[in-house]
Amino acid sequence: MKIYFVYPDISSFHGLPYHAGLASIASTLIEHGHEVRVSYFDNINKTKDIVQDIRAFKAKLVGFTTVETQSRYAKHLASEIKKTHPCFIVSGGPHATLAPESMLDNNSSIDAVIIGEGERAVTELVEKLEKGESWSHLNNIVYRDKKTEHLIKNRLNPLIDNLDSLSYPATELFPYQDIINRHNIAMFHFNRGCPYRCGFCSNVALGKIYDLPSNRVRFRSVESVIDEINATLSKYRLRDDTVLHFSDDLFTLNKKWITHFCDLYREKIGRPFWCTGRSNLMTEEICAVLKKAGCVLLMMSVESGNDYIRNKVMLRDIDRETMFRSFDLCHKHGINTLATCIIGLPFETIEMIEDSIKTVTKLKSITSYGINIFYPYQGTYLRKVCEEKGLMSSRIENDFIERKGSILNLPDLPNDKLLYYYNNWISLIMRHKLAKERIKYALRNWWQVVRKTAFGDKIRHIINNTRLGKAFKKYIMKHVWSRNYAERTV
Ligand code: B12
Ligand code: SF4
């Protein structure tokens, strides 16, 4: 059967046209003999073109992946498709899973929602549709009964324990080479789930639908992960310094797994990589293996430098000492970190944001600072708090972009103040830094932007191919970047 997937990603600040979930279910469908095409819906003006493409492809099933704030674009496109092309439309992904009713309201052109993991459920659905048989009893399906208008939620297939049994993601359906060329990264996602219960994260709710206290973690075998990396790299052209990006919720979760992975990765792949970490998991040993294997950036969110917000509101369960220790360890081992914070939480005050800034300023090893404005996703603990405390405002304007603005009415945090902190986050941090640190930061980030341009290419050529260039690189890399990275090309 011909299946067409759409990845809505309008006004996103990541702008990467790759979706690991769609790539995985597409791969399973291809394995079962179906034909799949994927579209990246990153601009509302693409509506007509995508509808046209769906018609030309003669898609029998159209599937959307959805996060909460993209769901309106999925619904918009679905209704445009149905105007001229009769087909079955389904939606999946975290938001469809956590709030299926919102995808199936009375005006919706979406026929059904697939909740939870999609590989098996969508394959079963396609088989039923192909044979013209009833699909309404299938596991993981949610739909609205036409007669009673009631929402029918079917049972769930168990979570996939043996992730090695899945075929490797169908990266070829996405502009994967283009992402490598333009962003100098290659994206991978291996393990699933997270055992923690942070109040702003959807993971707890994603576990709850399976009656679990958290989103149960499942690991791929290290051997199959290394094999997937090798298989992917052999299909694409990478530069020497192309960074592999492992987007697992918490890549460094399991000490045994990560140690084995790093050993094998160093031996068989040996490329720079980025991954995710959590302060309470960082030890001398983990830092050493990560560094040795080529970790050039550890994404280790602080979320808030204020202890009350971090632990009592966000439920991070990371005390101050643990947090400082983890960044010290990264510094000691020469691992650069990306530390992201969230502001605009329930009960937050201006003083708490100032405290957060001061704390973050003191943390070592941070080479990139990220900042987001809090958005209460459906199903999370903090969404419930916001609703119970009457903090939800009804103002979601058409041009609202989550994490860049707030949808809450916070009594102690006027919106203009919040935006001031959001827009000036880095300069407010730099205010507390020495001039030397500020120059380093500016230089490093300037280079990260310039390196992607044609001018950057020329500079790189000079640096890598002349004696003076090489000496300059050695000096700059040692003092601005990490030593491990200095051993590679710029
Ligand atoms: C890596 C990641 C990213 C990466 C890469 C995302 C990508 N394109 O693959 C980047 C950094 C780009 C990113 C961006 C964003 N992310 Co993000 N991200 C994640 C993370 C950590 C892992 C996602 C992943 O790859 N999982 C592995 C794959 C295999 O699982 P999956 O995608 O869920 O897909 C499975 C099922 O959901 C289902 N499925 C998914 N889609 C579909 C579609 C159909 C038709 C069917 C049948 C089934 C199906 O089947 C898949 C296989 O089993 C999750 C956390 C999480 N636990 O989900 C957050 C998460 C998905 N992100 C989230 C958010 C909010 C965002 C952003 C909006 C942030 C922002 N403001 O920019 C954007 C939105 C991007 C978009 N338009 O979708 C939220 C979503 C919350 C919600 N309830 O809506 C999550 C859950 C984190 C959280 N805060 O709780 N993200
Ligand atoms: S550690 Fe990260 S992925 Fe896990 S629950 Fe907390 S925020 Fe979500």
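**Strand pairing and a helix contact**

In this predicted model, strand β12, helix α11 and strand β13 form a β-α-β unit, and the unit is right-handed. Strand β13 also pairs with β14. Elsewhere in the chain numbering, helices α1 and α6 pack at an angle of about 45°.

**The β-α-β unit**
- Strand β12 covers residues 273–276 and β13 covers residues 295–299.
- Helix α11 spans residues 284–293.
- β12 and β13 run parallel, joined by four bridges.
- Phenylalanine 273 sits opposite cysteine 295 of β13.

**From β13 to β14**
- Strand β14 is made of residues 337–343.
- β13 and β14 run parallel and are linked by two bridges.
- Leucine 298 has threonine 337, in β14, as its bridge partner.
- In a regular strand, side chains alternate between the two faces of the sheet.

**Packing of α1 on α6**
- Two packed helices are described by an angle and a distance, both taken between their axes.
- For α1 (residues 20–31) and α6 (residues 119–131), the angle is about 45° and the axes lie 9 Å apart.
- The two helices are therefore oblique to each other.
- α1 and α6 cross in a right-handed sense.
- On the α1 side, the contact is made by Ser24, Ile25, Thr28 and Leu29.
- On the α6 side, Glu119, Val122, Thr123 and Val126 make the contact.
- By class, the contact of α1 with α6 has four nonpolar residues, three polar and one charged.

Terms used. Residues are numbered from 1 along each chain as its sequence is written. Chains are lettered from A and ligands numbered from 1 in the order in which they are written. This is a predicted model: local features need pLDDT of at least 70, side-chain atom pairs count only at pLDDT 80 or more; totals for chains, interfaces and linings use all residues. Two strands pair if DSSP finds at least two bridges between them. A crossover is right-handed if, with the strands pointing away from the viewer, the path from the first strand over the helix to the second runs clockwise. Axes are lines fitted to C-alpha atoms, for helices over the stretch in contact, and angles run from 0 to 180 degrees between N-to-C directions. Angles under 35 degrees count as roughly parallel, over 145 as roughly antiparallel, 65 to 115 as roughly perpendicular and the rest as oblique. A crossing is left-handed if the near helix is turned anticlockwise from the far one by less than a right angle, and right-handed if clockwise. Two residues are in contact if their C-beta atoms, placed from the backbone, lie within 7 Å. Ala, Val, Leu, Ile, Met, Phe, Trp, Tyr, Cys and Pro count as nonpolar, Asp, Glu, Lys and Arg as charged, and the others, Gly among them, as polar.
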